[in-house]
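Hi,

Here is the structure I promised to pass on. Have a look at it first, and then read on for what turned up.

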Amino acid sequence: MNINDNQQFVRKIKYATSGKWANALLTVVLMAWVGNVVAAPKLQGNLEALLVVADENGKESFRAAEAVLPGQVIEYRLLYSNEGDEVINNLKVLGPIPEEVEYVAMSASSASNAELEASIDMGITWSSEPLYRTALDANGKEVQEVVPPSQYHQIRWSSFDELKPDDSFQYTYRVRVKGNLDL
């Protein structure tokens with residue numbers, strides 16, 4: 001990648017981690033579900049995209065992901081708060097994995113007792129990590145193979161805990177910026 005391409009890449013990723021793209025990501029992420037109904041305004045969400053920076057000793061720090069380069073890691077932090085007067089049950093939180101990045105395996109965590117699942121078909125089916133699929137081996141026999149995390153499209157938490165009024169849950173996951181973006 002030459003300097004010109006690198007500048008275009010940084011601009012593209014800067015756009016992807018802020019502005020319109022971040023708003024679109026936040027809209028998708030804020031589609032938290034309570035049972036079969038989208039949550040009322042009493043559920044508020046906030047998304048942060050932070051660049052993970054490690055020093056020479058491996059100690060991590062974070063800064064706003066305003067511009068990133070191939071191979072860098074972004075941590076998404078989703079904070080959901082119950083600003084209503086009633087308990088929220090069966091909260092489901094979606095974490096999209098944009099095309100420009102790939103999911104970092106086993107990086108998702110939750111402040112609530114929640115089941116984590118991932119999808120490789122845009123949310124049609126969900127399974128726990130690691131995901132498996134049926135493939136044919138060299139002899140034409142069906143075998144189960146692990147799906148690389150780079151092929152995950154979304155992750156989803158299904159919380160078993162009640163989200164009480166004036167309380168909040170945080171969900172986090174990491175993605176790595178791909179190095180082969182079409183500039």
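A word on names before we start: helices and strands here are DSSP runs numbered from the N terminus, a strand being a run of E with at least two residues. Please also keep in mind that this is a predicted model.

With that numbering, proline 130 falls in the loop between β9 (114–119) and β10 (132–136). The peptide bond that joins glutamate 129 to proline 130 is cis, with omega about -10°. Methionine 122 is found in the loop between β9 and β10 as well. The phi of methionine 122 is positive, about 60°, although the residue is not a glycine. Methionine 122 is also exposed, with a relative accessible area of 57%.

Asparagine 90 also has a positive phi, near 60°, and is not a glycine either. Its place is the loop between β5 (73–82) and β6 (91–96). As background, most residues other than glycine have a negative phi, and most peptide bonds are trans.

Now to the inside. Which residues touch the most other members of the largest nonpolar core? They are Ile155 and Tyr173, in a core of 30 residues. At least two core residues each come from β3 (43–54), β5, β6, β7 (101–103), β9, β12 (154–159) and β13 (168–177). The largest share, 5 residues, is supplied by β13. Leaving aside residues up to four places away in sequence, isoleucine 155 has contacts that include Val93, Leu94, Tyr103, Leu116, Trp126 and Tyr173.

Since tryptophan 157 lies in strand β12 and tyrosine 171 in strand β13, the pair ties together parts 14 residues apart in sequence. Tryptophan 157 is buried, too. Together with Tyr76 and Tyr173, the residues Tyr80, Trp157 and Tyr171 form one aromatic cluster.

One last item: the charged end of arginine 77 sits over the ring of phenylalanine 62, 4.4 Å from the ring centre.

Best wishes

Definitions and conventions: Residues are numbered from 1 along each chain as its sequence is written. This is a predicted model: local features need pLDDT of at least 70, side-chain atom pairs count only at pLDDT 80 or more; totals for chains, interfaces and linings use all residues. Side-chain values use heavy atoms; hydrogens and water are left out. Helices (H or I, at least four residues) and strands (E, at least two) are DSSP runs, numbered from the N terminus. Buried means under 20% relative accessible area, exposed over 50%, partly exposed in between (1.4 Å probe, protein chains only). A nonpolar core is a set of buried Ala, Val, Leu, Ile, Met, Phe, Trp, Tyr and Cys residues joined through side-chain atoms within 4.5 Å. Contact means heavy atoms within 4.5 Å. Rings of Phe, Tyr and Trp (its six-membered ring) pair if their centres lie within 6.5 Å; planes under 30 degrees apart count as stacked, over 60 as edge-to-face and the rest as tilted. A charge sits over a ring if NZ of Lys or CZ of Arg is within 6 Å of the ring centre and within 35 degrees of the ring normal.
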